[in-house]
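Student: Could we go through this one together? I'd like to talk about how the chain is divided up.
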Amino acid sequence: MATAAFPIPVLPDTTGHFGHFGGMFVPETLMAPLQELATAYTAAQADPAFLTELDGLLRDYAGRPTPLYFAQRWTEKLGGAKIYLKREDLLHTGAHKINNTLGQILLAKRLGKNRIIAETGAGQHGVATAAVCARFGMQCVVYMGKVDMERQALNVVRMRLMGAEVRAVTAGQATLKEAVNEAMRDWVASVDHTHYILGSALGAHPFPMIVRDFQRIIGVEARRQILEKEGRLPDLLVACVGGGSNAIGLFHPFLADENVRMIGVEAGGDGIIPGRHAARFQGGKLGVLQGTKTWLLANDDGQIQLTHSVSAGLDYAAVGPEHAYLQDISRVDYTYATDAEALAAFKELAHCEGIIPALESAHAMAHVAKIAPGLSKHTLIIANLSGRGDKDVEQASRFLLP
Ligand SMILES: *Cc1c(COP(=O)(O)O)cnc(C)c1O
């Protein structure tokens, strides 16, 4: 089936903008290194040796391609649309994060940098970074909020086992935003020999582009797989949105396909009450945070609001600038799922399919559970199962078990 082309320009532009969003809001000392990174990245993408090495690592180290799985029992239970899950949960280290860290460690190697820094919230990006640093024999420092270190103690042990130094950040809310600040501070002082592996499609240009491109493999594979299985493109894509990397990775290869609808699901927390959620498109405003201009949660005086979500990976005050653009041009719809809805979907998928999703991914599943019953049996949905829920079992058990 041919689908009409949706007119999406190639973005970002040369200044790193996606429409009104994105850009490079960084200290002067970082401008040259970011330009250098953009140049090295463009050269790498045109170098067959780089692409071949990355393909080999994605296959043999990370476990790609990931399956596109027909969730038959869940589909029957919901009684409407046909639901496929893109199984990023099966990847090495447990989530899609490894797609990006493998690409960026190869970039660091090209740049001649042998020290890596990263920020992490739930610890998934920290673990994926620690793994590739061990694999390439590079020094690794991960900044993590002290509160997150307590909430995700197992991931701290995993990072340390793989040789990473985990530095506790105690400022402010002592979570992801403060960890990013510390990583940026380190980078300003160490950029001549250090590469910063940013974990989502966020931050200053060229990071939102680089992270998106390394995550596009999700959508490229899903597109090929659904054509093999169903002989046509899907009607709807659904993914959770923290910074937005798993979502943009799935969506991007379908953007020009006018008949493919897309929905990004943010963290609704306890509901859309200031300070109790992390849904930037619900009650957020335009502003600049940590290098990029985008939708974020701030008070009237511009102070960044507290955020809350049951899933640490979605608990961040700003959304990736390309999502802000895709919302602005009405190409992608954004909604939210609350903590309670995500926990219900977490349990339902475990019961129905024997798959325990990450609490982040459970937000996407919650939205699928909401809409699938009202759609026809001929509607094809691909939902991104961005990670596995092993890390969340203890937390979930407090809510779900008697
Ligand atoms: C980190 C994480 C997310 C959120 O990050 P995005 O950049 O929005 O994808 C979602 N799901 C899982 C499993 C994660 O680990």
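Student: Which domains does the domain assignment give for the chain?
Tutor: The assignment, which is automatic or taken from a database, gives domain 1 as 26–59 + 96–211 and domain 2 as 64–94 + 216–400. This is a predicted model, in which local features need pLDDT of at least 70 and side-chain atom pairs count only at pLDDT 80 or more, while totals for chains, interfaces and linings use all residues. Residues are numbered from 1 along each chain as its sequence is written, and side-chain values use heavy atoms, leaving out hydrogens and water.

Student: How much area is buried between domain 1 and domain 2?
Tutor: About 2500 Å² is buried, with carbon and sulfur atoms giving 59% of that; buried area is the accessible area (1.4 Å probe) that two parts lose on being put together, summed over both. His96, Lys177 and Leu202 supply 24% of what domain 1 buries against domain 2, more than any other three residues.

Student: And how many salt bridges between domain 1 and domain 2?
Tutor: The count is zero, taking a salt bridge as a side-chain nitrogen of Lys or Arg within 4 Å of a carboxyl oxygen of Asp or Glu.

Student: New topic: what is the strand order in the open sheet of six strands?
Tutor: The order is E3-E4-E14-E9-E10-E13, with mixed pairing; strands are DSSP runs (E, at least two residues) numbered from the N terminus, and two of them pair if DSSP finds at least two bridges between them. Strand E3 (68–70) and strand E13 (333–338) each have a single partner strand, so one side of each lacks a neighbour in the sheet.

Student: In which sense do E9 and E14 pair?
Tutor: Strand E9 (residues 236–240) and strand E14 (residues 380–385) are parallel, over three bridges, and leucine 237 stands opposite isoleucine 382 in E14.

Key. Helices (H or I, at least four residues) and strands (E, at least two) are DSSP runs, numbered from the N terminus.
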